[in-house]
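Trainee: Could you walk me through reading cavities and chain symmetry?
Mentor: Gladly; let's look together.

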Protein chains: 2
Amino acid sequence: MEATYRALRKHGYGNLTTQDIADEFENSKALLYYHYEGKDELLIDFLDYVLAEFLDGLPRGDRTPREELETLVDALLPETLSEEAYRLQLSMFELRMNARHDEAYREEYRHIDDELTAHLRDILERGIEASEFEAIDPDAEAELFLSILTGARARRVTVFEPDEPIGSLRAAIDAHIDRISA
Amino acid sequence: MEATYRALRKHGYGNLTTQDIADEFENSKALLYYHYEGKDELLIDFLDYVLAEFLDGLPRGDRTPREELETLVDALLPETLSEEAYRLQLSMFELRMNARHDEAYREEYRHIDDELTAHLRDILERGIEASEFEAIDPDAEAELFLSILTGARARRVTVFEPDEPIGSLRAAIDAHIDRISA
């Protein structure tokens with residue numbers, strides 16, 4: 001999984017070959033080919049891994065729900081991106097496009113969207129309970145927030161230059177967080 | 001342009017050839033090849049045409065700003081889509097992905113996003129003036145709304161089945177419009 005991560009950061013998804021991933025793999029390459037029938041099978045496992053790592057890596061406990069939400073936005077939409085981080089973020093979107101033609105990708109991205117919505121709902125519910133957020137509908141707001149994040153990420157990797165700051169996109173999201181805060 | 005529209009609805013973008021477009025073209029096919037050096041040049045002109053037709057076709061005058069906003073959401077995110085309309089909506093997203101690798105597409109999608117943001121800002125400003133919307137910041141709200149629409153459309157064409165209703169996505173947007181309304 002780490003080898004796939006490095007390969008995507010270096011090469012992006014467009015030109016990626018299983019050999020590129022194997023080149024980053026320190027263990028037996030035969031093992032890689034033994035485990036996975038093809039690039040897509042490996043990448044779907046990778047998406048699962050990235051999701052788990054991402055959710056696991058989010059700070060909890062020492063932050064208020066609002067701070068958690070802001071950290072999530074920072075993690076998914078940092079103001080600026082290195083060339084490699086940009087390539088990875090673009091790859092994630094290109095992989096999403098496969099969902100249209102490939103049932104396994106579709107299922108994986110449904111799963112990703114469901115997990116992110118559940119995570120957002122959980123933050124919002126705790127924030128409402130703690131009176132940090134207004135009495136909003138956590139289901140509708142989590143759904144809306146996922147569309148906002150998905151849309152802002154799509155816009156970033158398509159119409160913004162890799163090193164172009166996304167101040168206007170972020171300001172709009174920050175203003176939205178302000179609005180739902182008590 | 002109408003020939004391109006029909007060809008995209010029939011074939012989608014993935015497998016589209018200039019010949020597919022020429023096949024839908026009732027006038028001289030030589031004319032098509034004379035005007036455009038390649039498929040991409042034609043498609044960028046097409047995107048410009050679709051944007052102009054779309055903005056032109058939106059009802060005005062007889063509706064309140066809030067109704068205009070709801071009509072815009074209906075137009076971009078109808079509850080259900082025919083197979084052909086779905087293919088067209090997916091094509092629009094696949095064409096957006098070209099922006100990453102192709103400067104001409106990037107410029108075109110920047111233009112599309114700018115025009116849509118300006119249109120949204122105009123609706124919001126008139127709605128605020130008419131006290132139909134709360135005293136929101138029209139710039140930040142227009143930017144946010146475009147991310148919402150882009151994200152919801154991206155999610156629809158990737159994780160939803162072509163004929164699957166998008167009630168949850170729409171309900172979240174409707175609740176958001178409710179919230180910003182006075």
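Trainee: Which helices of chain A each supply at least two residues of the lining of the largest cavity?

Mentor: Some ground rules come before that. This is a predicted model, where local features need pLDDT of at least 70 and side-chain atom pairs count only at pLDDT 80 or more, while totals for chains, interfaces and linings use all residues. Residues are numbered from 1 along each chain as its sequence is written, chains are lettered from A in the order written, and side-chain values use heavy atoms, without hydrogens and water. Now the idea: rolling a probe the size of a water molecule over the atoms shows where empty space is left. On a 1 Å grid over the protein atoms alone, a cavity is a set of points where a 1.4 Å probe fits but cannot get out, and lining residues have an atom within 4 Å of a point. Here the helices are α5 (65-76) and α7 (103-129), both named from DSSP runs (H or I, at least four residues) numbered from the N terminus. α5(A) gives the largest share, 3 residues.

Trainee: What volume does the largest cavity have?

Mentor: About 50 Å³, counted as the space filled by probe spheres set on the points, which are joined across faces, edges and corners. Its lining includes A:Glu68, A:His119 and A:Ile123. The second largest cavity holds about 40 Å³, and B:Glu68, B:His119 and B:Ile123 are among its lining residues.

Trainee: How is chain B related to chain A?

Mentor: Two copies of a chain are related by a rotation about an axis and a shift along it. Here a rotation of 180° with 0.0 Å of shift superposes chain B on chain A, with RMSD 0.0 Å (least squares on C-alpha atoms of residues with pLDDT of at least 70 in both). That is the relation of a two-fold axis.

How values were computed:
1 Å grid on protein atoms, 1.4 Å probe; cavity = no way out; pocket = protein on both sides within 12 Å on 5 of 7 lines; lining within 4 Å.
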